[in-house]
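Subject: Structure handover

Hello,

Here is the structure you asked to look at. Please open it beside this email and follow along.

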Amino acid sequence: LSTITVMRITMTAISISRYLSMEKSIGTKFSHQNLREIVSFARSHENRFAQMVMDRDVKERNKGLAQKRRLLSESKKRITELDMIFKRLYEDNISGKLTDERFHKLSTDYEAEQMQAQPPLKSLS
């Protein structure tokens with residue numbers, strides 16, 4: 001098979017797969033007629049179809065990237081908040097406002113939360 005043929009088949013498969021996913025998400029029924037229309041359009045308008053598929057792919061990638069950036073920002077913000085909380089807990093413990101037992105309980109809980117926030121932070125950066 002030529003490179004162009006493989007590209008055509010791949011794009012058709014991608015488009016059909018996305019079309020089926022879209023239909024499932026909006027609750028419409030898949031029909032062979034719809035599939036035939038997609039394949040016919042892809043054959044008749046190869047360049048336009050290829051551009052549509054690539055545009056959709058770029059849009060989906062950008063959406064995923066934006067979501068990862070938001071999660072990264074939220075994780076960094078929460079870690080900073082936890083550092084500040086831990087600092088206040090320590091100061092309250094030193095000044096006698098907080099018992100040692102309570103300090104250990106709270107610091108353990110906050111440290112565990114901070115540890116849970118670290119892996120997503122590492123995988124997103």
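Start with glutamate 113, which is partly exposed because its relative accessibility is 29%, between the limits of 20% for buried and 50% for exposed. Please keep in mind that this is a predicted model.

Salt bridges

The count of salt bridges comes to four. Glutamate 113 takes part in one with arginine 78, and their closest N and O atoms are 2.7 Å apart. This pair links distant parts of the chain, since glutamate 113 lies in helix 4 and arginine 78 in helix 3, 35 residues apart.

Arginine 78 also forms a salt bridge with glutamate 81, where the closest N and O atoms are 3.0 Å apart. These two residues are both in helix 3 and three residues apart, so about one helical turn separates them. Arginine 78 is partly exposed, with a relative accessible area of 27%, and glutamate 81 is partly exposed at 33%. Together, Arg78, Glu81 and Glu113 are linked in a network of salt bridges.

Another salt bridge joins aspartate 109 to lysine 105, with 2.6 Å between the closest N and O atoms. Both residues belong to helix 4 and are four residues apart, about one turn of the helix. Aspartate 109 has a relative accessible area of 38% and is partly exposed; lysine 105 is partly exposed too, at 44%. As background, side chains of opposite charge can pair when their charged atoms come close.

The nonpolar core

Which residues make up the largest nonpolar core? There are six: Leu82, Ile85, Leu89, Leu98, Phe103 and Leu106. Helix 3 (46-95) and helix 4 (100-124) are the elements that give two or more residues to this core. Helix 3 gives the most, with three residues. In soluble globular proteins, nonpolar side chains tend to be buried together.

Leaving aside neighbours within four places in sequence, leucine 89 is in contact with Leu98, Phe103, Leu106, Ser107 and Tyr110.

Serine 107

Serine 107 is in helix 4. Is serine 107 buried or exposed? Serine 107 counts as buried, because its relative accessibility is 5% and buried means under 20%. Not counting residues up to four places away in sequence, serine 107 touches Phe86 and Leu89.

Regards

Technical notes:
Residues are numbered from 1 along each chain as its sequence is written. This is a predicted model: local features need pLDDT of at least 70, side-chain atom pairs count only at pLDDT 80 or more; totals for chains, interfaces and linings use all residues. Side-chain values use heavy atoms; hydrogens and water are left out. A nonpolar core is a set of buried Ala, Val, Leu, Ile, Met, Phe, Trp, Tyr and Cys residues joined through side-chain atoms within 4.5 Å. Buried means under 20% relative accessible area, exposed over 50%, partly exposed in between (1.4 Å probe, protein chains only). Contact means heavy atoms within 4.5 Å. A salt bridge is a side-chain nitrogen of Lys or Arg within 4 Å of a carboxyl oxygen of Asp or Glu.
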